[in-house]
Structure formats: structure tokens, C-alpha cells
Amino acid sequence: MLFLFSVVLAMYLPISTVAYVIYGKNVAANILLMKGGGVVNQMVEVLITLHLVLGFLIVINVFCQEMESYARVPRRKRHTLYRKLTRLLCLCSCRTVALWS
């Protein structure tokens with residue numbers, strides 16, 4: 001686990017160091033506001049949104065598999081209606097928790 005944290009640190013540390021050297025203490029709380037508008041900024045926002053959506057799917061998959069094991073959904077290669085309903089219930093419960101928090 002320490003190795004994985006080291007890999008993540010090795011990826012983020014150079015980027016943050018270069019950003020601090022370029023912008024210094026004048027950096028805004030949202031780094032996207034530093035470059036102004038434009039096509040590049042919109043592309044970055046789309047990529048960040050895509051990253052968050054796909055990351056959520058990876059994280060929620062573990063939760064859904066655990067709920068499927070509690071509900072005793074049979075593990076088959078193809079998705080059954082019972083599995084789809086279980087995953088829909090998982091997503092609805094996450095949405096409900098997110099809205100009430």
C-alpha cells in the first residue's frame with residue numbers, strides 16, 4: 001500500500017511544484033480560474049467531469065457487488081434482471097444519501 005501512495009505522490013508532486021513555481025502565492029482556490037476561458041479550459045472541465053463519472057463507476061461497482069452477494073444474486077456471465085434491479089437500487093440509495101447529506 002505504501003508503494004501505491006508513493007506512485008501517486010510521484011505523479012502529483014512534480015505537477016504541484018511546477019504550478020507553484022509558475023503562479024506562486026497568487027494561485028486561486030480553483031486552479032481552472034487562473035487561465036481564463038477558452039476552448040482548452042472547457043476541454044479540461046469536460047475531462048475532469050469524465051474522470052469523476054468514471055471514477056464513481058469504479059468505486060460503486062464494489063458496493064454493488066457486495067450488495068449482490070447479500071441479496072444472493074447468482075453470478076453468471078450475463079446480467080440478469082435481478083442483478084440489474086439490485087444495481088439500480090444501489091444507485092438510487094447512493095443518490096438518496098447524497099441528496100440528504
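Modeller: Start with a definition. A residue counts as buried when its relative accessible area is under 20%. Keep in mind that this is a predicted model.

Colleague: Is Arg83 buried or exposed?

Modeller: Apply the cut-off. Arg83 has 9% relative accessibility, so Arg83 counts as buried.

Colleague: What does Arg83 form a salt bridge with?

Modeller: First the general idea. A salt bridge needs a side-chain nitrogen of Lys or Arg within 4 Å of a carboxyl oxygen of Asp or Glu. Now the case here. Arg83 pairs with Glu68, and their closest N and O atoms are 3.4 Å apart. Glu68 sits in helix α2 and Arg83 in helix α3. The two are 15 residues apart, so this pair links distant parts of the chain. Glu68 is buried too, with a relative accessible area of 6%.

Colleague: How many salt bridges does the rule give?

Modeller: The count is 2. Glu68 also meets Arg87, at 2.6 Å from N to O. Arg87 has 23% relative accessibility and counts as partly exposed.

Colleague: How do I read the way α2 and α3 cross? At what angle do their axes meet?

Modeller: Look at the axes and the angle between them. Helix α2 covers residues 39-70, and helix α3 covers residues 81-100. Their axes come within 10 Å and cross at roughly 120°. Roughly perpendicular ends at 115 degrees, and roughly antiparallel starts over 145. The pair is therefore oblique. The crossing of α2 past α3 is right-handed.

Colleague: Which residues of α2 meet α3?

Modeller: From α2 they include Phe56, Ile60, Phe63, Cys64 and Met67, along with Glu68. The α3 side includes Arg83, Arg87, Cys90, Leu91 and Cys94. Sort the contact residues by type: 8 are nonpolar, 4 polar and 3 charged.

Terms used:
Residues numbered from 1 in each chain as written. Predicted model: local features only at pLDDT ≥ 70, side-chain atom pairs only at ≥ 80, totals over all residues. Heavy atoms only, no water. Axes fitted to C-alpha atoms, helices over the stretch in contact; angles between N-to-C directions. Helix = DSSP H or I, 4+ residues; strand = E, 2+ residues; numbered from the N terminus. Parallel < 35°, antiparallel > 145°, perpendicular 65-115°, else oblique. Left-handed = near helix turned anticlockwise from the far one by under 90°. Contact = heavy atoms within 4.5 Å. Nonpolar A, V, L, I, M, F, W, Y, C, P; charged D, E, K, R; others polar. Buried < 20%, exposed > 50% of the residue type's maximum accessible area, 1.4 Å probe, protein only.
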